[in-house]
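Dear colleague,

Please find the structure we discussed below. I would be grateful if you could read the notes after it alongside the coordinates.

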Amino acid sequence: MRKALLISMTTVFLFTGSSIGADAPISEDTQVCIDCHASLHPNIIAGWKKSLHSKVTPAQGLEKGTLKRRVSLIKPLETLANNVVGCAECHMMNGKKHKDTFEHNGYDIHIVVTPRDCATCHPTEVGQYEKNLMSQAYGNLQNNPVFRSLADSINGIQSFKDMKVSYKAPDDHTNADSCLFCHGTFIDIKGTETRDTVEGEMEFPILSGWPNQGVGRVNPDGSKGSCSACHARHRFSIEMARKPNTCSECHKGPDVPAYGVYSVSKHGNIYSTLGGQWNFDSVPWTVGQDFSAPTCATCHVSLLVSEEEEVLAERTHQMNDRIPWRIFGLIYAHPHPKSSDTTIIKNKAGLPLPTELTGEPVAGYLIDEKEQIKRKKGMQKICLSCHGRSWVDGHFARLENTIKTTNEMTLTGTEILLTAWNKGAAKGLDQKDSIFNETIEKRWVEQWLFYANSTRFASAMAGADYGVFANGRWYMSKNIQEMLDWMKIRIEKANK
Amino acid sequence: MRKALLISMTTVFLFTGSSIGADAPISEDTQVCIDCHASLHPNIIAGWKKSLHSKVTPAQGLEKGTLKRRVSLIKPLETLANNVVGCAECHMMNGKKHKDTFEHNGYDIHIVVTPRDCATCHPTEVGQYEKNLMSQAYGNLQNNPVFRSLADSINGIQSFKDMKVSYKAPDDHTNADSCLFCHGTFIDIKGTETRDTVEGEMEFPILSGWPNQGVGRVNPDGSKGSCSACHARHRFSIEMARKPNTCSECHKGPDVPAYGVYSVSKHGNIYSTLGGQWNFDSVPWTVGQDFSAPTCATCHVSLLVSEEEEVLAERTHQMNDRIPWRIFGLIYAHPHPKSSDTTIIKNKAGLPLPTELTGEPVAGYLIDEKEQIKRKKGMQKICLSCHGRSWVDGHFARLENTIKTTNEMTLTGTEILLTAWNKGAAKGLDQKDSIFNETIEKRWVEQWLFYANSTRFASAMAGADYGVFANGRWYMSKNIQEMLDWMKIRIEKANK
Amino acid sequence: MRKALLISMTTVFLFTGSSIGADAPISEDTQVCIDCHASLHPNIIAGWKKSLHSKVTPAQGLEKGTLKRRVSLIKPLETLANNVVGCAECHMMNGKKHKDTFEHNGYDIHIVVTPRDCATCHPTEVGQYEKNLMSQAYGNLQNNPVFRSLADSINGIQSFKDMKVSYKAPDDHTNADSCLFCHGTFIDIKGTETRDTVEGEMEFPILSGWPNQGVGRVNPDGSKGSCSACHARHRFSIEMARKPNTCSECHKGPDVPAYGVYSVSKHGNIYSTLGGQWNFDSVPWTVGQDFSAPTCATCHVSLLVSEEEEVLAERTHQMNDRIPWRIFGLIYAHPHPKSSDTTIIKNKAGLPLPTELTGEPVAGYLIDEKEQIKRKKGMQKICLSCHGRSWVDGHFARLENTIKTTNEMTLTGTEILLTAWNKGAAKGLDQKDSIFNETIEKRWVEQWLFYANSTRFASAMAGADYGVFANGRWYMSKNIQEMLDWMKIRIEKANK
């Protein structure tokens, strides 16, 4: 009944100019969506109209040569091949498998479009992304007791009573607004609600953990991740994904200051000052012709070719293919984990950490030296587009030295902390207490999570400030003294 | 005599190309200004030449339709109607009422152009701005004993003697260079001085508190504010006012990190990566057509329409029309104040604060729930241009939870501080001492002014970093432990 | 033999389109370089192709009028005059004087192009740069025992043993990755290595301290500096050097937050919002026509003219010609040093510092008041392009007051530190201990290096945040209390 009404409305809208031009083969279902939603949410439709999705059908996309192709399916599902990719093509895809699918004007619609939906046309990218740690970012945090305890110490409300402070467990809204904003939430369906709409009363599902576009979002269809974390809806612009601001949404804070480092690097400077003249849309992406200095995507994601179409780097949504080390220390920098699911890792002490508390890598779960060298060579091939061999070798020698020295400075902090626990200045592992709830423990976290990480990112991407005074070595050095001061005063007190 | 000389110079300049072309009806007075000042201060004239002020007369501006109009006067003063808005039109406006008016080559000129001058053509905007807290930013700081005491503790020089540190009152230059740079100075006339100029010796007024473009500047004509805070002279570009960098001049620091939050939000990313293609000049501003994601102005100031010219948001220089909460906590986040003059507020303890020291809102001076809902709905109408209902509802539910939890974490800090005062670890309200001059007090300030504020801005504008590690919950949590440590050591000492 | 092979390869490449078009008179030597390196390092050649170096010969450059000229040699060396400036023209220049020169396919090539090479065509700029403190940045840090000790306390690994922390001397890689990244490394030749290349086995020199583009790099030919610090290779774009991002590579951290300050200033806002419409390429640079607000280069480097071609500021690579004060306090702000080599300075206490430990300037080594006034007037001439006299005077009065007050706040910190040393709370000068290795000493460093500097940069360039809450007066004020707390607890302990 409603469907009939909508179809008759469509006709009206067609004549008032609100629908898409006749050239683009839009599916009838999508046109029905547009007819109402163009006025309800004008910029959703406007954004989509500017997207490639609204202009090219999967069949047309497949006709392009291997290097130019943006779809990775060999042959598109027949029903989808010859219409552009519109509302219905994504929000009705795999419908029955979505817990958030609901009946809407006679259609089965789901709210949350997932990597599994995108995989209909982009299966290679989705498959690669499953090997990316980010796809597991929800579980790697929430299902790891150590990291979960860290998150709880940040997000839990503290209350003061009888000269003591105690921590409450954080609520779901806070978690979703804090760590899980980037890591991704677990989206669940909490029932339905009735809303008054321009079409009268309608039923909608109530989602928990929504909105969210975190990289490891757990979706109502069981899939993990959110393509719109980087490919913002509803334009899904490759230009946007290739610009560093996209990465900066999550990689700018003191724990992972990649964007800040980039922005003060020579690469970032060239991008900022000359990037306005570059071509961010072309596939493949031609070094020297389309762009003159790397953005994040250049080294970590994009398909790069030379002017002679020699492939300099394959496109990868795994993103760690060219990353030998995980310089984001947890607690120490270490060879990159083999599996994107890091909850499977256990060190000798039984802790779910990729290194011992004293820094030794938990080798079985991490890539070996051979794989490290292979990844390093892959990265260096990109470097060599603009730099000579001795430049590149010198750069990597420094980075590996920085990994070593920052791990040493983390170890010094850890040794002070272990002594503080041992001598009764603080309560930690031995006392079965949280290792994140006291001042010295929080300073220890800053030693590796802020200062050692910042120094390593600065070294890796040549943004020196972040390795010195901007949360770098200056703070690593000062923090050791402050941890020592804190401990010594409390040990003296305990000994009286 | 000088006037005669200048007019003869004008003729010369006209023939050497330095004056404005014949098309633009420039007043004779303005042409006289230009003839000298074009070479004395070339970019003042060059900037103005690029402005709309130099190209459109008020009469022409009024001919535009209601939505397109940038002037709000029904009918312009006759003498001004048919010349473009040049030097004389602003710097000679309402001349006699300006304390800084001086005789200059036969003209009565004032240096400081004020909102009252601008109101000649833009009365609606100036009227709205009077309801904006920013218009009272000078008095709200300087005439509130609590905030003034905070400012003095920041700007006053400390000196060390006999193992003690004492604070001096800050000097005027420091105040003007510090808090009042953004809040606005009080501009006064301190006499006159004679200067050697290209025209020989001339008299000029000596201004104190100058230069300044602060939002609550107290002007020599008694008006408050400075339109050039956002509409930078002498171009007065709407493009500039609509871009977030304008707001960042004052809203980037740790106390109010709105710009930082925006820049790591999805909105900020879309602006940074795709904004180069948008139209920032058009009035009204059409969602989807002119721009694809909000800047600060979009949600808080600009007249927004859909492609069908449905008004989605009215232009407002009150700016708080769509803001239910004041998330900038002083000391706690609270419903927005009713009056832009907040010095009238008194809490139960007699302090000029919008909440009690323990967080309860001082209801009488703050908007009620009905007004809060109205403002929220106004904001959400803009959100719905790009987002569905459940997205928007979910976002606001989280924000309101964040307001609650950050207020709780502020309360915990306050309780520790009150205990420190009570137990003699520090001196505060009961001891009639400054509540901002000791370490624990300064940490308490950081709890609400830096960390709780940052967390709330991050929640309001979805820039997660600033709610976690970048001055967010991590620091709120750590700071509580540090306040506790500081207090406990001093209570122990006091008890010995 | 190899040379012959390469020349025959050249012929092949010429016909496959990889060489440069016939119009540009490229030297035969450069063409040989390009023929191989275009595919080995495609973006080096692509960048150069976009540069002016690849399009204009020195002889053509010299034909331009004085204001438009970018080369400063009166008459170019004959052998170089009539080819564009390519690979060979720079990497074979002054070859025999370079320690890193090596035989490469029959040519004498050096890897590191130095200011002395650039001086072949740009001698005036290189000469000016020698008077710039930056050219001595390596020695001014490494050869000054006080600053070297500071650097060692930052970069040296600390280890914990027997309840004590000790510092090791930092390794060379760390120094190069930290302070010397911006200051410049000392580049030396450590031998040679054989590499497998597409041309078979070849010998290359092994460089230490490489890569580096620091401003005071000590080069294998004995010269100091790196023009590519600002004029990034191989495009050498004046647009890039004129945009503030170039300066931000080194001037963004908490010690010297010039870029951050600029970005929240009105100037920075105008650049960010309207700069996309400016002309950054023209020489000379015309105020009002080419640009509407200053970038770093505008006030400190570029040749500025009015539309009537009146010179408003001379081009200078000395950069301090218009800087009366050194607001980067070491330890206090002071009149600018006379010599770019600051290691010659000794204060009365025999320390290599431009002021006494209590702030008095070491007059003999610093410019006198007359020179200060001259420099100030030079700067103010630029200010007056956009601002009136009372605006400019007011601005500088405030800046000079800020220099005074921040020096006072530094002195207060110093007095606390001296007392801490004197009373045995810490070990310093009298105890012949490092003055940078304990917590209170590190806080003292932050007082002047971070907070006082930030406040002064904020005042100088009107970016208020950085003078208040963003590492400004707020932290200066809080830090004094924290230094006092730290000292008092330890004196009490010592007195027990």
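The notes below cover an interface, a nonpolar core and a sheet. Please bear in mind that this is a predicted model.

Interface of chains B and C

Chain B places 67 residues in contact with 62 residues of chain C. About 5800 Å² is buried between chain B and chain C, and carbon and sulfur atoms give 55% of that area. Polar contacts between chain B and chain C amount to 37 residue pairs, counting those with both residues at pLDDT 80 or more. Helix 19 (residues 439–461) of chain B supplies seven residues, the largest share of the side of chain B that touches chain C. Four salt bridges cross the interface of chain B and chain C. One of them joins E249(B) to K266(C), with 3.1 Å between the closest N and O atoms.

Nonpolar core

The largest nonpolar core has 141 residues, and W444(A), W444(B) and W444(C) touch the most other members. Leaving aside residues up to four places away in sequence, W444(B) touches I331(B), L357(B), G413(B), T414(B), L417(B), I435(B), F436(B) and M483(B).

Sheet in chain B

In chain B, three strands make up an open sheet with mixed pairing, in the order 7-8-9. Strand 7 (285–286) and strand 9 (311–313) of chain B are the edge strands, each pairing on one side only. Two bridges link strand 7 of chain B to strand 8 (residues 304–305) of chain B in the parallel sense. V305(B), in strand 8 of chain B, lies opposite T286(B).

With kind regards

How values were computed
Residues are numbered from 1 along each chain as its sequence is written. Chains are lettered from A and ligands numbered from 1 in the order in which they are written. This is a predicted model: local features need pLDDT of at least 70, side-chain atom pairs count only at pLDDT 80 or more; totals for chains, interfaces and linings use all residues. Side-chain values use heavy atoms; hydrogens and water are left out. Two strands pair if DSSP finds at least two bridges between them. Helices (H or I, at least four residues) and strands (E, at least two) are DSSP runs, numbered from the N terminus. A nonpolar core is a set of buried Ala, Val, Leu, Ile, Met, Phe, Trp, Tyr and Cys residues joined through side-chain atoms within 4.5 Å. Buried means under 20% relative accessible area, exposed over 50%, partly exposed in between (1.4 Å probe, protein chains only). Contact means heavy atoms within 4.5 Å. Buried area is the accessible area (1.4 Å probe) that two parts lose on being put together, summed over both. A salt bridge is a side-chain nitrogen of Lys or Arg within 4 Å of a carboxyl oxygen of Asp or Glu. A polar contact is a pair of N or O atoms within 3.5 Å; within protein, one must be able to donate a hydrogen and the other to accept it, and residues adjacent in sequence count only if both atoms are side-chain atoms.
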